[in-house]
Amino acid sequence: MKDFKVSAIICAAGKGERAGFSKNKLLAPLSGAPALWHTLKKFNIPEIDEVIVTSSVYDFEEISALCKPLGCKVVSGGETRTQSVKNALEEVSGEIVLIHDGARPFVTKELILNCIDAVKKYGSGICAVKLTDTVVSAAYGEITERLDRESTFRVQTPQGFYTDDIKHAYKLAANKIYTDDSAVYGEFIAPARLIEGDEQNVKLTFKQDFMRDIPTLKDCGNGRVGFGVDVHAFGEGNKLVLGGVEIPFDKAFIAHSDGDVIIHALMDALLSAAGLKDIGHYFPVNDDAYAGADSKELLKRVIVLLRENAYATENISVTVQAEKPRLSPYIDKMKNILSEICNVPVENVAVSAGTTEKLGFVGEGLGVCAYAAVTLKKTNKADK
Ligand code: CTP
Ligand code: MG
């Protein structure tokens, strides 16, 4: 029997501007999945009873989709981290709450458990690491003071508190802005208690921070390969959808869905690499739910399925054969779409197109054929 219900707030409502991606850094790929996914998985442990994630309005849909399979609740964040935490605290139902930056996916279970223990022992628990560099104060480029390295720390998250205390502190803080929660607690409740953090528990801030890899489980066997093929015949119409891109043409595919052979071949390759059944099993042609379906949406579902089975896409290589239309103007757009949906850097997505020299059904202009090969890597085991 656990003595306290423990909640976690994961702050994800920032813009991630310093990282310089075209979207919130937390949705950028890290080891084959959105960075935030790794953070959420770390908190998906029996010791945490409830996870509340803050999100801006721009990311609400995407963050909600990540949270759904893990059962996390999403709440609207605010203009500042302080405001985001304040909003999330309103939803907390545990007696203890750990507040954590979504941007720290390298947090360990040990840190999380130590933080909970510290709250029970000392009333708060703030992860922090000692400095290794010499630290000074300076004004106008000149050193004015040398700080004592023994008593100077870099503060991390998670930071744990009794919920009533930290809620009370945030209430008293009114509209003041703080950089972390220990500052709010320290100002209104009591000096916050430091516990040993972890040098690896860095906050993803700049693009280069994303070069770090989440360790995969060596004993699970990495490097799974998958292959898929799809063909569709032309019928009447005025556009084709290939690789998620609409291409004006004097014909259309005869298909139950939008007939996107590139995405269909890719989905089959992904499923086969993960040892799952083929697309016909998950999206049956006789099921009206998929009539005219946007294949991009189906691909998103395949990616979730892979994630649930603890696989992440590593590389994608697609070849499409079409006598007409000319596809080269659309290739870059296709690569961007596939990279975005599959959470793979665009450099790891190859799409090539060619004709078949007027031979066979492709050469006769009767339809289009696509082949896809992928490699997957095993991530952490899926939590039940
Ligand atoms: N955060 C939040 N609400 C805000 C601002 C930030 O929940 N209004 C979250 C971020 O999503 C991040 C954490 O607080 O997980 C730490 O903030 P930071 O690293 O500064 O992230 P961003 O503010 O997103 O990045 P930047 O400052 O580079 O724009
Ligand atoms: Mg910020």
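Which residue forms a salt bridge with R81? The partner is D101, with the closest N and O atoms 2.9 Å apart; a salt bridge here is a side-chain nitrogen of Lys or Arg within 4 Å of a carboxyl oxygen of Asp or Glu. This is a predicted model, in which local features need pLDDT of at least 70 and side-chain atom pairs count only at pLDDT 80 or more, while totals for chains, interfaces and linings use all residues. Residues are numbered from 1 along each chain as its sequence is written, and side-chain values use heavy atoms, with hydrogens and water left out.

R81 lies in helix α3 and D101 in strand β6 (residues 96-101), so the pair ties together parts that are 20 residues apart in sequence. R81 is partly exposed at 22% relative accessibility, whereas D101 is buried at 10% (buried is under 20% relative accessible area, exposed over 50%, partly exposed in between, with a 1.4 Å probe and protein chains only).

R81 also forms a salt bridge with D181, where the closest N and O atoms are 3.2 Å apart. D181 lies in helix α6 (residues 181-188), so this pair links parts that are 100 residues apart in sequence. D181 is buried, at 0% relative accessibility. Through shared partners, salt bridges join R81, D101, R104 and D181 into one network.

Elsewhere, the side chains of K120 and D3 meet in a salt bridge (3.4 Å, N to O). K120 lies in helix α4 (residues 109-122) and D3 in the segment before β1 (6-11), so the contact ties together parts that are 117 residues apart in sequence. K120 is partly exposed at 35%, and D3 is exposed at 55%.

Definitions and conventions:
Chains are lettered from A and ligands numbered from 1 in the order in which they are written. Helices (H or I, at least four residues) and strands (E, at least two) are DSSP runs, numbered from the N terminus.
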